[in-house]
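Student: I've got a new structure to look at. Can you walk me through it?
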Amino acid sequence: MIDKDLISKYAYLDKSAMLARVFSYPNDLKDAVSRYSGLRLQFEVPKPLKGITIAGMGGSFIGAFFLQDLLQDEWELPLFTIKDVYLPAFIDKHHLLVAVSYSGNTEETIRIIVEARKKGVPTVAVTSGGLIAEHAEKLGYPVVKLPPGLAPRAAFPYILTALTAIVDSVVPSTNLTQSVAEAASFLERHCDNLLHIALDLSEWMLQNYLTNRLLVVYGYRPYLSACYRLKTQINENAKFHVFFSELPESNHNEIMGWETPSNLFTLTVRANEEPPHLRYRMEFLLKLWSERGVPFREVKPAKGNRLEELISLFYIFDLASVLLALKRGVDPTPVETISQLKKYLDTRINLRDVLKPQ
Ligand code: PA5
């Protein structure tokens, strides 16, 4: 399950133990379920509840995207996600805003909270602390606390479970958090095989990156969050450029780019049972890539329910991105350029002022 040899092989480089963190996904999910299941939020659920909106950036956004993949085509309640500073006009006091920021100091999420306050939108914060926790305490809106000391992207099992527990608490007919517990056991049963896939994938990506190729990750619903996770995890862990492209939309524009030779390679996430309308498109694309000499791979989730499938893809991709970093000799945890940008913005914008009532 936890490959101790692999962890010790890279201990000299992986100074903040990101690899061990990913290996502990099943435990983290179980720990998160025990922390958050049965969550009771001290606030009044809007009646009627017209929708749930989840806002966050980067590692604090991906849990919302995951929930959209999980629920969007089955759920009648609108689930909206924001990774921006704009709160759409239709979000009013009959919506619930869940503002996720691991650090609690992210400008965009703070601006969304301020906009929501102006419009009287009920808000719940998910954070480990920072200005957002301070502000919530002052104004008396609920905070679901994340464990401290993690990289935001490594807090994914906690963020996801905090979100499912919030949804369960405001929509009593759901029991998503129980399904997360079951997905943790599913992951335990499959993790050896998933590690094998991740090792192979990381080596293939490394060989392509070493020949100056750039990766495009393709996928379709309900696996878009997993594709986007692979992109962002390679960005932050391995410090490489990666592009993410949605099917079938990219068949209507981006596909033209293959008429010109490029230095791209592709990875496509495909369903175990792919509907014909997507299978035919994939047949065409695979033939095109073969003819143009474009290296390509396909990845399928472990067979399970949708939540289990998504978790299995996240596990493969998180491991593969960390292994890619370690194999290229890079410490996966530090995100120096992001930190520098945040420091620079701190010199230009006082977030305490942004939070002050106008
Ligand atoms: O993984 C990261 O470090 C980033 O993507 C952060 O999650 C992002 O910058 C937002 O910060 P926070 O998660 O603290 O709101």
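Student: Which residues line the largest cavity?
Tutor: The largest cavity is lined by Met18, Arg21, Val22, Tyr25, Arg153, Ala154, Pro157, Arg229, Gln233, Asn237 and Asp318. A cavity is a set of points, on a 1 Å grid over the protein atoms alone, where a 1.4 Å probe fits but cannot get out; lining residues have an atom within 4 Å of a point. This is a predicted model: local features need pLDDT of at least 70, side-chain atom pairs count only at pLDDT 80 or more, and totals for chains, interfaces and linings use all residues. Residues are numbered from 1 along each chain as its sequence is written, and side-chain values use heavy atoms, with hydrogens and water left out.

Student: What volume does the largest cavity have?
Tutor: About 50 Å³. That volume is the space filled by probe spheres set on the grid points, which are joined across faces, edges and corners.

Student: Which helices supply at least two residues of its lining?
Tutor: α2 (18–23) and α9 each do. Helices here are DSSP runs of H or I with at least four residues, strands are E runs of at least two, and both are numbered from the N terminus.

Student: How does that lining divide by class?
Tutor: Five nonpolar, two polar and four charged. Ala, Val, Leu, Ile, Met, Phe, Trp, Tyr, Cys and Pro count as nonpolar, Asp, Glu, Lys and Arg as charged, and the others, Gly among them, as polar.

Student: New topic. Where is the ligand?
Tutor: The ligand takes the space of the largest pocket. A pocket is an open set of points with protein on both sides within 12 Å along at least five of seven lines. A molecule sits in one if more than half of its atoms lie within 2 Å of the grid points.

Student: How much space lies in that pocket?
Tutor: About 1100 Å³. The lining has 37 residues, and the closest to the pocket centre are Thr106, Val335, Ile338, Ser339 and Lys342.

Student: Which helix gives the largest share of the lining?
Tutor: α12, with eight residues. α5 (107–119), α9 (224–238) and α12 (336–348) each supply at least two.

Student: And which residues are around the ligand itself?
Tutor: Among them are Met57, Gly58, Ser60, Tyr102, Ser103, Arg153, Glu236 and Lys342.

Student: What polar atoms lie by the ligand's oxygens?
Tutor: A polar side-chain atom of Ser103 lies 2.6 Å from a ligand oxygen. For Lys342, a polar side-chain atom is 2.7 Å from a ligand oxygen. Tyr102 has a polar backbone atom 3.4 Å from one.

Student: Back to the chain. Which peptide bonds are cis?
Tutor: One joins Arg221 and Pro222, with omega about 5°. Another runs from Leu247 to Pro248, with omega near 5°. Pro222 is in the loop between β6 (214–219) and α9. Pro248 is in the loop between β7 (242–246) and β8 (264–269).

Student: What about Asn212?
Tutor: Asn212 is not a glycine, yet its phi is positive, about 65°. Asn212 lies in the loop between α8 (176–210) and β6. Most residues other than glycine have a negative phi, and most peptide bonds are trans.

Key. Near = heavy atom within 4 Å. Polar contact = N/O pair within 3.5 Å; in protein donor to acceptor, adjacent residues only side chain to side chain.
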